[in-house]
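Colleague: I have a model open and would like to walk through it with you. Can we take it piece by piece?

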Amino acid sequence: MNLDDIDHALLRAVALNADQSTTQLGQKLGLSQPATWRRLRRLQDAGVIAGRQLMLDAEKVGFGVTVFLGVKLATKGRISLEDFERAVSAIPEVQLVEHVLGLYDYRLRVVARDLADFERVLRRRVMTLPGVGNVEANVLLSEERLSGPL
Amino acid sequence: MLDDIDRRILRLLQSDPTQPLPDLAALAGLTPARVTRRLDRLRQDGVLLGQRAIIDWRVLGYTIEVSLRVTLDKTVPRAFDEFMAAARSVRAVIEMQTFLGRVDVRLSLIARDLPDYQRIYRDEILTLPHIADIEALMTVAQVKHDESLPL
């Protein structure tokens, strides 16, 4: 899909804050409201904008801890990846599951109320997953999203 | 503190942030006026920060995504600040996190293809300051991606 500079600016704006009306967005980019709407619609229809994510202050809604886990499967070949993936995806505290190549087999993002709650999720839900082997945990301290190559 | 009604509204809104207020109110079993009041208060209290569009980088031609796990040379006093300031200016970086653990900083990096990744890695990543060690995890598939909170 071919994008021009205005599309890029529009994507940059909505990737950080999609709460703005098409009128507000248009004003910032020097576009009319209908033109802004048409461009956004085109980006959505093409799948460049895949959806919307609500931004909440995780700590204020009671999730004070986010942990990234690297998971190595113990018995590769003997357990089915589908079984592992199905089971891990069903854990509500697990926000992200990525099959990766490298030091680990899977990368997980897990939220918990506090460290004690994280320990519960880790011991009762993650460590009991089919085929799970070595697990490395890194506790998130800060996070920023960048607009990347847009 | 949130009560059950706040949680119900946020849960519904998380599953579809674009749904019109009347639909949201109907699903929550509340009047639109009450939902509006609740949402206003959640915004005021800084609980609800807004919404953002999710960009599908593959559609834009970025087929490679790599998670770079960086360990920094902590003998340098300003290693974190200097590394992060420099990493922020790498255009291929779409996310950056700092951690307590074996990994200090993680960068999410996207590239058009493997030669593109190789060029970015050599010219723009390995030249970042104060790197003690770096490990790459290449994403094969995203099995689950839902940053909703289990409210």
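Colleague: Which helix holds A:Arg124, and is A:Arg124 buried or exposed?

Modeller: Keep in mind that this is a predicted model. A:Arg124 sits in helix H5 of chain A. The cut-off for exposed is 12 or fewer C-beta neighbours. A:Arg124 has 10 of them inside 10 Å, so it counts as exposed.

Colleague: What distance separates the C-alpha atoms of A:Arg124 and A:Gln44?

Modeller: Along the chain, A:Arg124 and A:Gln44 are 80 residues apart. The domain assignment of chain A gives domain 1 as 5–45 and domain 2 as 65–139. Between the C-alpha atoms of A:Arg124 and A:Gln44 the separation is 40 Å.

Colleague: How many Å separate the centres of domain 1 and domain 2 in chain A, and how many in chain B?

Modeller: In chain B, the assignment puts domain 1 at 4–44 and domain 2 at 64–138. The centres are taken over C-alpha atoms. For chain A the separation is 38 Å, and for chain B it is 39 Å.

Colleague: Back to helix H5 of chain A. Which strands does helix H5 of chain A touch as it packs on the sheet?

Modeller: Start with two of the sheet's strands. Strand S2 (residues 65–73) and strand S4 (residues 106–112), both of chain A, pair antiparallel over seven bridges. Helix H5 (residues 115–126) packs on the sheet, with its direction at about 135° to that of S4(A). The strands that helix H5 of chain A touches are S2, S4 and S5 of chain A.

Colleague: Why is S2(A) described as largely enclosed?

Modeller: S2(A) also runs antiparallel to S5(A), joined by six bridges. There, A:Val71 faces A:Val135. S2(A) is largely enclosed by the rest of the structure because, of its nine residues, the number buried is seven.

Colleague: In what order do the eight strands close into a barrel?

Modeller: The pairing is antiparallel. One link crosses between chains: S3(A) pairs with strand S5 (residues 131–145) of chain B over six bridges, and A:Val100 has B:Thr139 as its bridge partner. The order is S2(A)-S4(A)-S3(A)-S5(B)-S2(B)-S4(B)-S3(B)-S5(A). From one strand to the next, the twist averages 35°.

Colleague: How many residues does each chain put into the contact, and which element of chain A gives the most?

Modeller: Chain A contributes 55 residues and chain B 52. On the chain A side, the elements giving two or more residues include helix H1 (5–16), strand S1 (49–56) and helix H4 (81–89). By class, that side has 32 nonpolar, 11 polar and 12 charged residues. The element that gives the most, with 10 residues, is S5(A).

Colleague: Which residues have the most contacts inside the largest nonpolar core?

Modeller: In soluble globular proteins, nonpolar side chains tend to be buried together. Here the largest nonpolar core has 75 residues. The residues with the most contacts inside that core are A:Val110, B:Val93 and B:Leu109.

Notes. Residues are numbered from 1 along each chain as its sequence is written. Chains are lettered from A and ligands numbered from 1 in the order in which they are written. This is a predicted model: local features need pLDDT of at least 70, side-chain atom pairs count only at pLDDT 80 or more; totals for chains, interfaces and linings use all residues. Two strands pair if DSSP finds at least two bridges between them. Helices (H or I, at least four residues) and strands (E, at least two) are DSSP runs, numbered from the N terminus. Axes are lines fitted to C-alpha atoms, for helices over the stretch in contact, and angles run from 0 to 180 degrees between N-to-C directions. Two residues are in contact if their C-beta atoms, placed from the backbone, lie within 7 Å. A residue is buried if 20 or more other C-beta atoms lie within 10 Å of its own, exposed if 12 or fewer, and partly exposed in between; C-beta atoms are placed from the backbone. A nonpolar core is a set of buried Ala, Val, Leu, Ile, Met, Phe, Trp, Tyr and Cys residues joined through C-beta atoms within 7 Å. Ala, Val, Leu, Ile, Met, Phe, Trp, Tyr, Cys and Pro count as nonpolar, Asp, Glu, Lys and Arg as charged, and the others, Gly among them, as polar. Domain bounds come from an automatic or database domain assignment.
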